[in-house]
Amino acid sequence: MGDKGSFWDKLRYKYRLSIMNEDTFTETWHTRLSRMGVFLILVFFFVLVLALYSVLIIYTPIRNILPGYSESIRQQLISESVRVDSLANTLSLQTRYISVVRDVMAGEAQTDSIQSLDSMQIIMREELLEAKSQATADFMAQYEERERDNLQLFDIQQTTPTLTFFRPAHGVIVNTFQPQQQHYGVDIQLPEKENITAILDGTIVYVQYEIDNTYTMLIQHNQYLALYSHIGRVLKSIGNRVKIGESVGLASEQPLHFELWTNGEAINPEEVIAF
């Protein structure tokens, strides 16, 4: 107990620290400190220096030179660069839009300066394809008149009247009607740009441009519905009335797929049409 008490007494025992003038040996400043007091002062200064260092690292650019911070700064710079580029593009588009609107309002818009949208280009292309020249109209009239001599008569059902079907195209059947394999029509190999014709009088109810650069067309013939796929070029549009044997399109490089439906059931085209 005596040793322990002596240890704590030494920690609390104060020593006099004096500063003296070397020439006169007079005391100019002094203070009294214990070992405990010196230790506490050192701890205080250590905590103060650590706090100042932390503040410098957190709130000043000095942290960028420390290992581990450079990667995050790089990612931030890339993100900000992309953002600035996006904002610049948006500002450019907005500026062009305002310029065009201002010219339109002032009646000074130049036709060549207006850029059409992709959808408008597709519509204009379809309108151009649908437009027929006089030479094309004359050729189609002569062709249809000549093909009328090849009409065939077929008795579809005993309870239905005899109908005259016109073949959809001149060609060779390369794939037959196979409903068990979900192939509900025939594929006809045709020379490119061969005429594709209507099998009966009817109305075009559907025309769709496909991703393979061909067209699909549906023609309603009273109780019959004819489907044409892989048309290279359409000569009619939705709502047009067509006559039997009239050309509705031109063949593409792919075989023409033809289906014939009635009352929701597929009919084998080879049973009613002479190809």
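Modeller: Let's begin with a term: two strands count as paired if DSSP finds at least two bridges between them. Keep in mind that this is a predicted model. Strands E1 (residues 14–20) and E2 (residues 27–34) run antiparallel and are joined by seven bridges. To see one of those pairings, look at Ile19, whose bridge partner in E2 is Trp29. Together E1 and E2 make a hairpin, with six residues between the two strands. In that turn, Phe25 has a positive phi of about 55 degrees.

In soluble globular proteins, nonpolar side chains tend to be buried together. The largest nonpolar core here has 31 residues, and Ile199, Met217 and Tyr228 touch the most other members. Strands E6 (185–189), E8 (202–209), E9 (215–221), E10 (224–234), E12 (247–251) and E13 (256–262) each give two or more residues to this core. E10 provides the largest share, five residues.

Setting aside neighbours within four places in sequence, its contacts include Ile204, Tyr206, Tyr228, Val248 and Lys236. Lys236 sits in the loop between E10 and E11 (241–242), and Glu246 in the loop between E11 and E12, so the pair ties together parts that are 10 residues apart in sequence. Both Glu246 and Lys236 are buried. A search of the whole structure finds one salt bridge.

Key: Residues numbered from 1 in each chain as written. Predicted model: local features only at pLDDT ≥ 70, side-chain atom pairs only at ≥ 80, totals over all residues. Heavy atoms only, no water. Helix = DSSP H or I, 4+ residues; strand = E, 2+ residues; numbered from the N terminus. Core = buried A, V, L, I, M, F, W, Y, C linked by side-chain atoms within 4.5 Å. Buried < 20%, exposed > 50% of the residue type's maximum accessible area, 1.4 Å probe, protein only. Contact = heavy atoms within 4.5 Å. Salt bridge = Lys/Arg side-chain N within 4 Å of Asp/Glu carboxyl O.
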